There are 2 protein chains.
Amino acid sequence: MKSELSTPGVGSRKKRGEGHTRREEILLAAKKLFLREGYEATTIRRIADVVGVSAPALYLYFKDKEAIMLALCDETFGILVERMGKIEKTGLPPIERLRQCGEAYVRFALDNPQEYWLTFLSGNTPKKVKDKGHKPEAIDPNEPGSAGATAFAKLMGMFRDIENAGMPLYFPVDTAAELVWMSLHGLVAALITSPEFPWTKRDALISGMIDMAVRGVVRLP
Amino acid sequence: MKSELSTPGVGSRKKRGEGHTRREEILLAAKKLFLREGYEATTIRRIADVVGVSAPALYLYFKDKEAIMLALCDETFGILVERMGKIEKTGLPPIERLRQCGEAYVRFALDNPQEYWLTFLSGNTPKKVKDKGHKPEAIDPNEPGSAGATAFAKLMGMFRDIENAGMPLYFPVDTAAELVWMSLHGLVAALITSPEFPWTKRDALISGMIDMAVRGVVRLP
DNA sequence: ACTTGTAACTTAACGTCGATAACTTATCAA
DNA sequence: TTGATAAGTTATCGACGTTAAGTTACAAGT
């Protein structure tokens, strides 16, 4: 039993980072290293060094290396859900909300390439992330790996709004959502896994992909 | 200097696979293991075991583990280039050729998911594959890692044909090619990394994505 | 005040990985 | 027969993720 109950969170040893718990310190150090060096290149020992403890100490707080990254992914995708929630709440016409959400999604992914790669690209990632990665149904928002799912669900709801606003789609809503998400996903995947490739201007690709997807999916007047 | 020149290929020891050279045996064994277990899970020692030699022996034929995979990717993507070449040679209208090439590309990727993942999705893939993976310029077809490049170049040439046939594009040719490739890439990536996800009908997604991309990129009369 | 329990560590080590160095054997041209 | 060379081998390196087992700090119970 974890006894974070008596004098909550202040009971421990707390030699180092006075303001944080060990768990938070580990996540902070791991995030810094994952972002700078990449997932594979970041070693458990290196994280432990930065935190200032021995390597096995990390296993007191996380089951294994994957669990550390998983926790970071959740943390990060929470931000995306938050951002998309804000856009949803604006009173903009639904098609404009779709555009903004699409752009937000892409920007977010490019700002967090490691987390995005681990969640959606890496094949040998924890099954949980992939299985529940963007399932529109049966989401438990408190389970790790489901933040991305919530984001996808929001995108999908937007297509219903567009149709309800009187603009017909070339596809059923679920197919339309999948196609648009996949095209944005492809853009992001390419830019992330081959950032050094001489793509044409990045901003043009982003807005271009959104234009292409919208024009290809919704019948404009 | 490699002296495969005197009595070509038959000079060696040749204890085992009589019909093959060691190099081919290694590639065969590696391919089997990569496809069954994945890149990371396949070890040098395991490949060597299957071939029937010691692990360091592999380093006589390949610089490192990456080089083995690079050779395999090239081999596979050669088939794709071949298929797309056939489609190119048909006298079909350019937009129909584009559609068929797009479909061929997707089908190929879904038929060879492991190779596709290794070449375009896996983050720890050899830099060369990513760098030269689909570069439209400066292609040396005899250098490893350029087969995918040739395929992309073919796709790009098709857009020039479309424009020359009098159908204007919403984007410059290079951007158009990148966008269409990226959207197909996204479709493929999603289906490969999350095959168990309840996507709407697969064939509908493929033809739907092609329709969406074409409608989004080329101004139809 | 002294024991006891336990959370939070440590050091040591295991097994495996990719890769290299250094030695050995087989083959064949001279 | 020799001796160069191709084609291996065994032994080993350093680094990895992870586990086992021992140690220290500290709060509560008596």
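1. K65(A) is placed over the face of Y39(A), 4.6 Å from the ring centre. The coordinates come from a predicted model. A second contact of this kind involves Y170(A): the charged end of R215(B) lies over its ring, at 3.5 Å from the centre.

2. Aromatic pairs were searched for in the whole structure, and 15 were found over all chains. One of them joins F34(A) and Y39(A), whose ring centres are 5.3 Å apart; the planes meet at 40°, so this pair is tilted. Both F34(A) and Y39(A) are buried. Y39(A) thus has a place in two contacts, with F34(A) as its ring partner and K65(A) over its face.

3. How are the rings of F120(A) and W181(A) arranged, and how far apart are their centres? The centres are separated by 5.8 Å, and the angle of 65° between the planes exceeds the 60 degrees above which a pair counts as edge-to-face, so this pair is assigned to that class.

4. The pair also links two helices of chain A. F120(A) belongs to helix 5 (residues 113-121) and W181(A) to helix 8 (residues 173-193), so the contact ties together parts that are 61 residues apart in sequence. F120(A) has a relative accessibility of 6% and therefore counts as buried. W181(A) is likewise buried, its relative accessible area being 3%.

5. One aromatic cluster draws on both chain A and chain B. Chain A supplies F197(A) and W199(A), while chain B supplies F77(B), Y105(B), F108(B), Y116(B), F120(B) and W181(B).

How values were computed
Residues are numbered from 1 along each chain as its sequence is written. Chains are lettered from A and ligands numbered from 1 in the order in which they are written. This is a predicted model: local features need pLDDT of at least 70, side-chain atom pairs count only at pLDDT 80 or more; totals for chains, interfaces and linings use all residues. Side-chain values use heavy atoms; hydrogens and water are left out. Rings of Phe, Tyr and Trp (its six-membered ring) pair if their centres lie within 6.5 Å; planes under 30 degrees apart count as stacked, over 60 as edge-to-face and the rest as tilted. Buried means under 20% relative accessible area, exposed over 50%, partly exposed in between (1.4 Å probe, protein chains only). Helices (H or I, at least four residues) and strands (E, at least two) are DSSP runs, numbered from the N terminus. A charge sits over a ring if NZ of Lys or CZ of Arg is within 6 Å of the ring centre and within 35 degrees of the ring normal.
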